Amino acid sequence: MKGTLYGIGVGPGDPELLTIKAIKRIQQVDIIAAPGQDVRESVAFQIAAQAVPEIAAKELLPVRMPMVMDRAYMEEAHRQGAALLIRELEKGKDVAFLTLGDPTVYSTFSYLEKIVRHAGYETCYLSGIPSFIAAASTLGVPLAEWQEPLTIIPAAHRLTEGLTQDGNLVFMKSGSRLSTVKELLRASGKQVFMVENCGMPTEKRYTSLEEIPDEAGYFTLIIAKDPVAR
């Protein structure tokens, strides 16, 4: 019997946001995998460990995923990472690949899953709460009401996408280009909110563009709402 690969979303940071299904699956699998050179240093692992302490006794499998924009280089890294997972699945071991937020939203797991599935192995996505859902909740701000459109933008790569259209916008991982995001949003006239390190002990909230600093950490998320709809 071959093992199954599970992509498990652990949410944005608060361990209490892990789903019951995610906790049960983490308890049941043979191996815990995560991006990086040391699984224990993974933020996703550290979040899961607070909800599932017994995860520390599991076999750990680091999957090296360099953060670069070279598409060919990344594709090779994905093939190598998938090969590591397949090696364990072939032994009949079930593997849980931990990811922040949800595994279907800008997640490394989705690239690995395609390769593993096409190689003939069973895979499964286990949903987690995405950062923009948790951020909107902690701010008490609806993401979309009535017929408002909602656009999710990876701010590090596509800053101008969606800024000319009506509706509400979410800029994910915007910390590295925060000054540019602020400049674009100031011209848009939208109502702006920001959460840094959502769900973590270092969480910070901002409820206007004027409050937002020019620099912030990697886990920074901005919500921009159309003032007409508001």
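Colleague: How many helices and strands are there in the protein?

Modeller: The protein has six helices and ten strands, where helices (H or I, at least four residues) and strands (E, at least two) are DSSP runs numbered from the N terminus. This is a predicted model, in which local features need pLDDT of at least 70, side-chain atom pairs count only at pLDDT 80 or more, and totals for chains, interfaces and linings use all residues. Residues are numbered from 1 along each chain as its sequence is written, and side-chain values use heavy atoms, with hydrogens and water left out.

Colleague: Why is strand S1 called largely enclosed by the rest of the structure?

Modeller: Buried means under 20% relative accessible area, exposed over 50%, and partly exposed in between (1.4 Å probe, protein chains only). Six of the six residues of S1 (residues 4-9) are buried, so the strand is largely enclosed. Thr4, Tyr6 and Ile8 point one way, Leu5, Gly7 and Gly9 the other way, and all are buried.

Colleague: What makes S1 and strand S5 a pair?

Modeller: Two strands pair if DSSP finds at least two bridges between them. Five bridges join S1 to S5 (residues 122-126), and the two run parallel; leucine 5 has threonine 123 as its bridge partner in S5. S1 also pairs with strand S4 (residues 95-99) in the parallel sense, over five bridges, and there the partner of tyrosine 6 is alanine 96.

Colleague: Why does the radius of gyration of the protein agree with a compact globule?

Modeller: The radius is taken over C-alpha atoms, and the globule rule is 2.2 Å times the number of residues to the power 0.38. For 230 residues the rule gives a value near 17 Å, and the protein has 19 Å, which agrees. The C-alpha atoms fill a box of roughly 55 × 35 × 35 Å along the principal axes. Buried residues make up 47% of the 230 residues.

Colleague: Which elements do the buried residues of helix H5 pack against?

Modeller: Contact means heavy atoms within 4.5 Å. In H5 (residues 131-139), Phe132, Ala134, Ala135, Ala136 and Leu139 are buried. The buried residues of H5 pack against strands S6 (150-154), S7 (168-172), S8 (191-196), S9 (204-206) and S10. Glycine 140, with a positive phi near 70°, follows H5.

Colleague: What share of the contacts in the protein with a separation of 6 or more comes from residues 24 or more positions apart?

Modeller: Such residues account for 69% of those contacts.
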